[in-house]
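This briefing concerns aromatic rings, charges placed over rings, and the confidence of the prediction. Please consult the sequence and the structure alongside the text.

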Amino acid sequence: MEQHLGSVCECILSLSTNDKRLNLRALASARSLIINSSTSDSTISALFETLTRFLQLTTEPRALHHTLKLLSDIAFHHSRLSGLVFHSVRSYLLRSDSTRLSAESLAVLSSIAEHDRSLASAMDELDDRFFVSLCFGPSVSVRSWFLSNAFRFPIRPYVLLTVMLGFTKDPYPYVRRVALDGLVGLSKSSVIEDCGVIEGCYCRAVELLGDAEDSVRCAAVHAWDAREGVLPYHMGDLWSRTLLMGFLCIVNPGKHHPQPHISLMVGLPLPVILSQYGCHPPIMKVAAFDALGKIGVVSEDILLQTLSKRVLGITKEKKPLGQCSAKRKSLGQYIPKHFDIQACVAAGAFVHGLEDEFYEVRWSACHSLHTLTILSAKFAGEALNLLMDVLNDDSLNVRLRALETMHHMATCDHLKVQETHMHMFLGTLVDNSTFIRSTARKILRLMKLHDLKMFQSSIDGLLENLEVYPQDEADILSVLFDIGRNHGNFVVCIIKKFSQEIEPSCEGRLDFDSVRVAALLVLAISAPLSEAQKVCSIPSRIFSYAVTLLGRISHALKDVMNQNTLLAYLSHCSKSTIVDNSESFFPMIEGDIPNCSCIDMISPAGMSLQQGASENENQKRLEPRKSATPLLDCQLEVYSEVAKSIKLILLKINDIWFLVQKGCMAEVLRMLRSFREELATYMSDSLVSADTLAFTFQYLRVVKLLAKVQGLSKEEELHVLELILVTCILRLSKVEICCHNATLKKLSMIISHAEFLHKEGSIEPYNFVVELKKSLGEIDTYNDGASCRPFLLKRLLESFSLKQFRLSGSPKHIKAEIDLPGNDTEPLPFISGLPVGIPLEITLYNVSSENRLWLRMIVHEQLMEFVFLDLNQSGGCDEVRKFTFMAPFYRTPKAMSLTLRVCIGMECLFEDVNLITDCGGPTRELVYICQEKEVYLGMISKT
Amino acid sequence: MAIECLVLGAGQEVGKSCAVVTINGKRIMFDCGMHMGYLDHRRFPDFSLISKSADFNTAIDCIVITHFHLDHVGALPYFTEVCGYSGPIYMTYPTKALSPLMLEDYRKVMVDRRGEQELFSNDDIMKCMKKVIAVDLKQTVQVDKDLQIRAYYAGHVLGAAMFYAKVGDAAMVYTGDYNMTPDRHLGAAQIDRLQLDLLITESTYATTVRDSKYAREREFLKAVHKCVADGGKVLIPTFALGRAQELCILLDNYWERMNLKVPIYFSAGLTIQANMYYKMLISWTNQRVKETYATHNAFDFKNVRSFDRSLINAPGPCVLFATPGMISGGFSLEVFKLWAPSEMNLVTLPGYCLAGTIGHKLTTGKPTKIDLDKDIQISVRCQIHQLSFSPHTDAKGIMDLVKFLSPKHVILVHGEKPKMASLKGKIESDLGIQCYYPANNDTVCIPSTCWLKADTSKTFIRSSLNPNFKFVKTISEDKSNLVSKETEATSVLQVHDERVAEGILIVEKSKKAKVVHQNELLLMIGKDKHDVQFAYCCPVQIGNLERTKGMDFALSKNVVSTSDECSWLHLLFAKLATKLGGNIQDFGQHLQVDSIHISVCLKDICPYRTTDGPQKEPAVFFCCTWSVADVNLAWEIISIMENLDLSII
């Protein structure tokens, strides 16, 4: 090959002089010489010189293009020459008069400079004017290339901002989009402080929300997400307002008017894509509604206007909701007037959204109501009218979302159900979807019923639900109990009506096997607990009847009281129906209920908004909670319901993998986040299923980080092992991996462990594991960094598909707690240099004696000790072990006081990789199963 | 060129839609409907206005039918078979399929039941339909070499379409009836953003803004559910097409959700046939129906059975859809007679009922007895529920569409006169679009667009491609009608990039018009560049300078001698500099501000000197010249100079 060098060089040089046709063959030979690692240095140098000379001689653009490409190849494959290449290209760049070629050489220069930091300063010598002149040339492709790569060049932010802002007006949509993206990127760096300029940028972004081009509008909507945490407070406010206006434009048909750019009319070759009326891709509308839901600052008038198609006569009051007014004043009422949203733009936005043809849009509209109803009770009241209608939607998802929004309103005490709503709402109690029914009941628990008629119809609805779907019995009984407690007076009236049904018939037969009677009895026995009903007029014999259904009732009320308590309560009431609330019937639950009545009702978004709300509003929101005892509110969630939701989540996670493969990471992360939020609400609701919840949390984390979890059945363990394998492969596929030997070792070990499990449990091995095993040898051979490995790994990853995770049985959450009573106030005494014993109170959950646990004690990175925890010496069973352990810490340093961080870790049995070898610790990797505890030690003073 | 719109029907009324539009010489008839309220000649449009000679084939280039309702298609067989039009007729596929059903049904009712003389026969309908050319949505049809039409989805009923028509550069849209919100089985109207000269839109609800239809659906379901739950029978008299399917989807879904087992019946006949068409024409329905289509055809009603006459008196609850609507006779009347006396039963009337029908009597007031004819009287004890589901868009929808399309002119048809007047006002004031609502047989003439094609020069294109943005602080006025009317000026940084504004349009004799860059102009027309210079010889008072100052100025005939010119100029410079700041420069022989050039005038008679009236005061003359760009500044300086007195220091 190399012997042809001379001819190759000649060929290249001849390009400049000879005919215009490019000698592609010579170029190809030159390139193969360059990228071949065995080509001798002298050849490369010769080539480099030829090319450099050629660069000076020729003016033919195509030839120059190829030359630049070859030079950049040289720079990347032969780093010793990169400096020389850099300078020769740079000198070319300075005299080039073609925009396109200048851009190309600039691209070469910047990528060389990015690899070789020492050349970066040479880049800095090029001034702003030079860079900017590139995008002012007529070449549109160079312009958009430059704008999207502008951050790679040393340009002053102000210049860049001006250029970006200017190009948002470009006739080419792609340039507009890139420029807008650039502006967003620039706003992140927060170098621009001039309010006027920022304001101009935002105005422009909002204008672009009405752009004729979909991609530009999308970029504008997404710009919104980028603004969080970037803008100074008042700008955030401003941004919200302007964006609100823009979003409403998208949501509302016919409201935005991008004027066709004037250049379209003179026949410039611009693509004309007209968006269709009413047929925006729903993705735009969905994004706009999602964004609407996030807007924290908006005036009540506008909100109300979004619910009415008629333009309302609106008062002058413009105080936005949801932000702290004191803070606002301090910033001097910054908002310029022209940002006030026009009422006619807002008119009926939600009406249209909830009526949209695409269920995604309707769902999203319901969802954004969710957060907005926190802001204003009046708005919530109006929105409820619409939401009640949505209960008749033909998409289950949308109906469910509407109910969830109502539930949310109820928790914020913004749910004001009226008589007219009752038919539709109670209809959901006999819906054939379990989710709908259970969500409806959840709302009913919190709902305040103003008159007897509504109360009666609610009870009728629940009884109908019970008749049609007997499987809901437990939940219905518990709901009845709650409603009864909240509306004691009504219960008394109702029970009088129903007493015939409850009382034994004239033949002396009690109809106690009917669920209906059970339901009425539960309702009756709840009355004495009502605050409104101090002297209860429920006949005491009813409580005796209830005793006959003790098992059934106590099963339903297991979250509120256990059987013994119930019995005690019933027998008490059958003697006297006056219940003193101070007399506790709920000894079992008291004490370990977190005070969570307010936590579950406010989402993170709400939290921040609530902080800003006026104090009055705050109090109002919290006060009504007092009437319903926190006890009940915490216990409302029934185990089965949570379990269903969790199953649902696990089911959904399954679908995510497809998205991961497609590369929609933002979407995946968003979904996982929403699952987590959902789980978090259960967390505060329920104590029963804490283990399951903890597991699911962990699982989510696994999917998100592809991390580790233990304590599972064989199938489950295999599932997780598979995920770990994927992690290993991912780790291997990264080029900059440094410890692939260890990873490979781990990989083969896990595979063998998986195989073992397969054999033991006679489970069909997963396709991915089989594939991986086959390729293991191949991976090994390539482990010295050769080039074809990525393809192999990529193929392997493609063969992986996330399987449906089935939760068989209930998983055990392995965890530990460490406590050291009194240490917070009084440090443990120690003498420097001598060992000290730390009396730790350790509680272990679900740890079997086979597990090897280690206590890790750290003062700092260099001072770390491990102590083995011998479980055989501790008492208790596998589920819960509680014992005190005197942990010895030997190497006490010379210090007056020190803080020791103590933590319990468990050895991973199948990860036999020696990671920690010194200080006599564990030989395998540890999984830490408890919160780190800080222990304070103080030197004994000599006095 | 102009567009002429002759409204033959639905002008200031609802009924017999028919508009004949002439665009650039091409004549299109949009819709050919009949008026259901008349039985005389007013029933059909007055076709004689189209052509006195009754030669319709040459008078009209094509007919476009928007949908199958009789007030839009009813007169078509008459026009083609009786009047003899044989040119092309365009309608969508579903309209072509369903129109004969409607026409035949109407003909039967008219001839068989009422014994009227038939206006067209079944044969006529069939022959007429053979002439119809079916079109698809968004399919551009070239009617002839100049005329293009295109259909857009309109909602309203299955197969309803808006039609776009274009001849040369003039373009228009005729909407027919349309709906801007989706319903249970149809989607919302969809149209592209088009450049239009004229939009002819229906205006049934010209002033009504309707709330969400969901609330009315809720009421309907509540009433029906309550009735059947109490063991009653529900009669829903309805037209066979559209409403029946919509309500049925609604009920079927509800039944499904609520696990209701009460039977829903469809009276046999037209409805069954119509359902079959609906099942086939899924692609014309809304997104929801289309989405579920793969698993379940929404028109395969799970709970619907066909009705048998013997079931009328069967015990137990049921829901029955029966034709015709408005209980004007036929099967629905038969059932009504039997069910009306029981208070357990319910009659639901979906929509508008013509005066004189039983439906109308039921909805106005609460009659306890209805006289069917002289002998028969029905006692009405059942519950009556009226539903107003209208597949027409509301006022907001019309405004939205007009705003979206932003045509140059709007003509309102298919509405009530006073309401149309109010909508016209709104369109003109809010949107600034000229609007008309002609009465029947009136003609509206509007100018049409004519585009002139122009070449462009390369330099011009290049200059257009080069970015040319400016940042301007504009003072914008707060026009928000949300807040108070007081306006407050605020400045906003705005970006401008109007690249093509600097071209020059040249139209040379017998040549195509051309847009060129301003630099090219002179070269193109082969002329030299001429600069227009303004000049004015301005007198400046010098008072009695030698007396007051005792300086040695030689004055003769009030004119300054050469030797003093520099001193005068210098003096002027000093004076102007204090007024104008640093802009002014002294070049010794002249002063200069931008292009304004000031020098002492030594001529006795200067052509730029205005010599009206004798010079009262002694003055020095300064000749000022300037170019166009500085006109304002120049006059400002001159007015300063004229009021100066160089003697006062």
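A:Phe490 is buried, with a relative accessible area of 17%, where buried means under 20%, exposed over 50% and partly exposed in between (1.4 Å probe, protein chains only). The model is predicted: local features need pLDDT of at least 70, side-chain atom pairs count only at pLDDT 80 or more, and totals for chains, interfaces and linings use all residues. Residues are numbered from 1 along each chain as its sequence is written, chains are lettered from A and ligands numbered from 1 in the order in which they are written, and side-chain values use heavy atoms, with hydrogens and water left out.

**Aromatic pairs**

- Over all chains, the structure holds 23 aromatic pairs; rings of Phe, Tyr and Trp (its six-membered ring) pair if their centres lie within 6.5 Å, and planes under 30 degrees apart count as stacked, over 60 as edge-to-face and the rest as tilted.
- One of these is the tilted pair of A:Phe455 and A:Phe490, at 5.4 Å centre to centre with 45° between the planes.
- This pair links distant parts of chain A, 35 residues apart: A:Phe455 is in helix H25 (residues 452-468) and A:Phe490 in helix H27 (residues 488-502). Helices (H or I, at least four residues) and strands (E, at least two) are DSSP runs, numbered from the N terminus.
- A:Phe455 counts as buried because its relative accessibility is 0%.
- In chain B, the ring centres of B:Phe266 and B:Phe301 are 6.1 Å apart and the planes lie at 45°, so this pair is tilted.
- The pair links distant parts of chain B, 35 residues apart: B:Phe266 is in strand E13 (residues 264-266), and B:Phe301 is in the loop between helix H9 (287-293) and strand E14 (304-306).
- B:Phe266 is buried at a relative accessible area of 1%, and B:Phe301 counts as buried at 10%.
- B:Phe266 and B:Phe301 belong to one aromatic cluster with B:Tyr278, B:Phe299 and B:Phe321.

**Charges over rings**

- A:Arg437 lies over the face of A:Tyr469, 3.5 Å from the ring centre; the criterion is NZ of Lys or CZ of Arg within 6 Å of the ring centre and within 35 degrees of the ring normal.
- In chain B, the charged end of B:Arg210 sits over the ring of B:Tyr205, at 4.8 Å from its centre.

**Confidence**

- Chain B averages a pLDDT of 83, and 89% of its residues score at least 70; pLDDT is the predictor's confidence in each residue, from 0 to 100.
- Over residues 476-490 of chain B, pLDDT stays under 50, and the model has 30 contacts beyond four places in sequence for them (heavy atoms within 4.5 Å).
- The predictor gives the complex an ipTM of 0.75 and a pTM of 0.63.
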